[in-house]
Amino acid sequence: MKTTSSQSTRFHNLDTIPNWSISDANDIYQISRWGEGYFSVSEKGDLCVNPTRTENGPVINMMEILEEMKNKNIAFPAVIRFHDILRSQVTNLNKTFRSLIEEAKFTGSYFGVYPIKVNQMREVVEEIVDAGAPFNYGLEAGSKPELLAALAMNTNQNSLTVVNGYKDRDLLRLALLGNQLGRKVIVVVEKYTELLDLMEISQEVGVEPMIGLRAKIATKSSGKWASSGGDYAKFGLTITEILQAVKYMKSINKEHCLKLFHFHIGSQIPDIKTIKDSINEGARIYAKLYKEGAKLEFFDVGGGVGVNYDGTRSNSPSSINYTTKDYVADVVYILKQVCDLEDVPHPNIVSESGRAITAHHSCVITNVFGALEIGAATENFNTDKVVSENILVSNMRELTNDLNDKNYQDVYNDATKLKEESISAFKFGILSLDERAKLETLYWRICKRIVEIASRDEYAPDEILALKNQMAHQYMCNLSIFQSAPDTWAIGQILPVLPIHKLNEKPTELCTLVDITCDSDGKLDNFLSADGPANTIPLHKLTGEDYYIGLFMTGAYQDIMGDNHNCFGRLNELHIFCDDDDPTDFYIEEVIYGNVASTVLASLQYNPLTMAQTMKANIDTQVKRGKIRPREGVTLTDFYEGCLMSYTYLKK
Ligand SMILES: *Cc1c(COP(=O)(O)O)cnc(C)c1O
């Protein structure tokens with residue numbers, strides 16, 4: 001598998017924080033920056049959720065949710081969804097559009113749609129539709145199953161259902177079914193031939209379609225999804241094709257079916273300048289088409305509003321340099337300005353923000369069940385000199401004695417060289433196993449001391465600082481990043497990670513995280529810090545008590561794209577609502593249990609029943625041979641079947 005590790009020498013210098021307080025936790029983990037006001041730390045050091053972001057609004061302590069999970073015997077890892085955050089995000093986007101439209105004296109209205117590919121889970125879509133109802137907020141579908149869902153979920157006659165993606169005749173027919181029911185279903189033409197098919201089918205059915213035209217605009221985004229825009233984009237019509245489409249529709253007297261102009265330049269757009277450029281270009285095309293006789297009513301700016309995963313508020317790929325309000329203001333004011341200059345009416349505005357709506361509402365909570373320490377065994381191993389010891393070992397011991405504040409770089413170079421030579425010597429049979437162990441033990445002791453010295457030296461060279469990250473502890477987390485955070489692996493996305501308790505205590509260990517898949521890529525070693533990405537994250541020393549960390553902002557794409565690598569299945573899931581009567585209380589509205597092993601195996605064509613029977617037969621045979629006692633045979637059979645029926649993750 002691929003390795004995407006980006007090396008940085010940055011690390012959190014914990015030595016510079018003498019008196020830890022919860023405000024240091026906020027700095028180290030950047031909670032208020034990525035959290036957008038939804039997360040805070042209690043006096044006791046627990047992470048809390050403020051789902052409405054209002055002054056005297058509800059506050060939910062995450063550790064109380066965990067208490068309730070333990071009482072109910074719900075195992076980790078678990079996805080926790082805050083429905084109230086979803087509602088807040090939907091309301092906020094719609095209210096921002098409304099207020100800026102009013103402020104700008106813009107004469108169109110806002111008809112946003114939620115692209116369900118970002119998180120198709122029924123409860124999520126239901127919550128969004130419900131919260132959006134007062135604003136006629138609709139849905140966007142990009143495939144046949146998504147349209148099936150959207151048609152069933154979005155029954156509001158005043159909101160839009162926008163259909164993107166490549167379409168076959170069934171998909172087009174489904175869209176027209178929506179129109180037959182009096183819904184505003186708009187088919188966005190991505191490919192010229194779709195228009196011809198759509199007109200033919202609508203003729204057969206006897207219902208007029210509502211048509212959108214998606215343009216390949218020239219403005220390109222930077223960031224990880226840049227290829228959604230530009231001449232070589234997968235979707236959309238060229239300017240020539242758009243003109244041809246308008247001409248064709250006029251020729252059959254159906255130009256009034258052209259309702260919407262659409263473009264989408266990619267996801268997680270880091271730089272507001274790109275957004276300004278695309279609105280400008282899009283608005284000009286809209287205006288010219290209007291004058292060509294396509295009296296389009298909707299101007300659809302697609303998705304792409306990013307979120308501040310790494311807290312930096314910069315144009316780095318895991319961040320954005322704008323707020324929702326900046327974005328909305330640009331859409332409204334630039335569109336207005338171009339329309340006024342071109343003397344065409346202000347269209348209604350449609351946007352398809354998915355990530356920005358859903359990212360914050362869910363997180364994954366997991367227990368840390370152990371640590372791998374580099375050079376851990378070095379404390380007690382006997383490295384005393386023996387007679388006729390190999391010279392390489394003696395030299396390494398001398399280096400331990402020589403090491404001081406001034407020469408640590410030289411000692412590091414020499415020790416590293418010695419260690420390399422020792423491997424050759426071992427291969428030639430000159431070094432014994434015991435000698436190799438001694439030499440390596442001495443080497444790691446040296447490295448540990450060098451890291452300590454370098455931490456105090458503000459001019460420490462990069463190579464030595466990198467050593468600090470390389471020697472970090474690996475904390476083992478009960479989860480699979482391929483299931484729960486695929487973008488951290490696939491595209492190097494940073495997600496906020498932090499302990500959800502003990503935030504009033506100073507973390508002392510610099511760590512990377514490893515998951516429980518058997519894949520060396522199953523790790524997290526790219527974290528946010530106040531100054532940009534770092535390869536390690538400060539965590540607390542493991543004491544044997546439960547230690548819980550959360551991966552945050554997993555609500556967009558992560559939740560839904562995860563796969564069953566190593567047969568780790570979907571997670572237990574809790575749906576949390578605020579209690580209207582008590583601002584510090586919450587209730588678990590629903591628990592959706594994750595996959596058990598047999599479900600994951602059955603999806604891969606295994607037959608768990610046959611598997612259990614085969615195992616039972618094998619055990620019985622051993623019983624007959626007298627190798628296993630009958631009573632034990634029964635226990636073993638039950639044990640195997642029990643494992644088949646249990647959660648795929650590690651049991652505590
Ligand atoms: C994926 C997609 C979206 C959603 O993009 P976000 O970046 O999540 O807002 C919107 N529209 C189209 C056409 C898409 O393909």
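In the predicted model, an oxygen atom of the ligand lies 2.4 Å from a polar side-chain atom of Ser 267, a polar contact being a pair of N or O atoms within 3.5 Å (within protein, one must be able to donate a hydrogen and the other to accept it, and residues adjacent in sequence count only if both atoms are side-chain atoms). The side chain of Glu 352 places an N or O atom 2.5 Å from a nitrogen atom of the ligand. The backbone contributes through Arg 355, with an N or O atom 2.9 Å from a ligand oxygen atom.

The ligand is surrounded by 16 residues, each with a heavy atom within 4 Å of it; among the closest are Lys 117, Gly 354 and Tyr 557. The shell comprises 8 polar, 5 charged and 3 nonpolar residues, where Ala, Val, Leu, Ile, Met, Phe, Trp, Tyr, Cys and Pro count as nonpolar, Asp, Glu, Lys and Arg as charged, and the others, Gly among them, as polar.

The structure holds 0 disulfides (cysteine sulfur atoms within 2.5 Å). For Cys 48, the closest cysteine sulfur, in Cys 578, is 12 Å away, too far for a bond.

The chain averages a pLDDT (the predictor's confidence in each residue, from 0 to 100) of 93, and 97% of the residues score at least 70.

Residues are numbered from 1 along each chain as its sequence is written. Local features require pLDDT of at least 70 and side-chain atom pairs 80 or more, totals for chains, interfaces and linings use all residues, and side-chain values use heavy atoms, with hydrogens and water left out.
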